[in-house]
Structure formats: C-alpha cells, structure tokens
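The following exercises are to be worked with the sequence and the three-dimensional model at hand. Each task is followed by a solution in steps.

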Amino acid sequence: QLVESGGGLVQAGDSLRLSCAASGRMFSSHVVAWFRRAPGKEREFVGAIRRSNGRTYYSDSVKDRFHISKNNAENTVSLQMNSLKPEDTGDYYCAVGTSPSYSTTDYFRWGQGTLVTVSS
C-alpha cells in the first residue's frame, strides 16, 4: 500500500513537500515514481527515484524545480516542489515499478493521490 500526504493550497512561487509512505515489501530493485493528473488531462510522469542508488529522473516541466529523495529505512519517498506554478495543480500520485518509465502501465502499485492546488 502507498499513501501520499502533504498536498494543499499554495500560491505561485511557494514550495510544498509531498511524502509517499509504503507499507508491505519493497525491494532495492524497485523504482518509486511521482505522477500527476491535472484537471481534464491524462496522468503524466513527474519524476522517479531508484531505491538502489538514489538516481533520479525528472520530466522537463519540473526539472530544476522539483527534487525527489528517499529514506529506505522508513520506506518513504518525498517530492520537494519549489517555485510552484498554477500549471503544477493536480492530483499527485506515487507509484512503484521496476524501471523509471514515463508510462503508467509500467507501475504495479499506486497510491490514492494527494491534491495540490497552486493559485496565481
């Protein structure tokens, strides 16, 4: 099970930190990713992190603004979001897979999501 937390309403330019807590078995080979779904749009890849070595991957739209980190001992992954923009608004989901894929079909475990709203 994956549980996201930390969403809320912020203003443009603000920062927000989301957390993803995993229960159940996690392996070092797993990748934890963040996706988001803006109103009326498809779910899109935000970024991912390898549990084995901490290597991160980001979409071009959030690169240099968002940062993903992990704590394997606590089975948590965080998404630090800086310089937020109104277009970052959406439901944010964490997911577990075996490769840092942009495709939702490559992930086999999903959280319920947490809403982030960025006002202009």
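**Exercise 1.** In which loop does D64 lie?

Solution. The model is predicted, and local features need pLDDT of at least 70, side-chain atom pairs count only at pLDDT 80 or more, and totals for chains, interfaces and linings use all residues. Residues are numbered from 1 along each chain as its sequence is written, and side-chain values use heavy atoms, with hydrogens and water left out.

Step 1. D64 lies in the loop between β6 and β7 (66-71). Strands (E, at least two residues) and helices (H or I, at least four residues) are DSSP runs, numbered from the N terminus.

Step 2. The backbone of D64 has a positive phi of about 80°, although D64 is not a glycine. Most residues other than glycine have a negative phi.

Step 3. D64 counts as exposed because its relative accessibility is 77%; exposed means over 50% relative accessible area, buried under 20%, and partly exposed in between (1.4 Å probe, protein chains only).

Step 4. A positive phi, of about 55°, is also found at N75, which is not a glycine. N75 is placed in the loop between β7 and β8 (76-81).

**Exercise 2.** Describe the chain as a whole.

Solution. Step 1. The secondary structure comprises zero helices and 11 strands. The chain is as compact as a globular protein of 120 residues, because its radius of gyration is 13 Å, close to the 14 Å of the globule rule. This radius is taken over C-alpha atoms, and the rule is 2.2 Å times the number of residues to the power 0.38.

Step 1. The C-alpha trace spans about 40 × 25 × 25 Å along its principal axes. Of the 120 residues, 43% count as buried.

Step 2. Among contacts (heavy atoms within 4.5 Å) between residues at least 6 apart in sequence, 55% join residues at least 24 apart.
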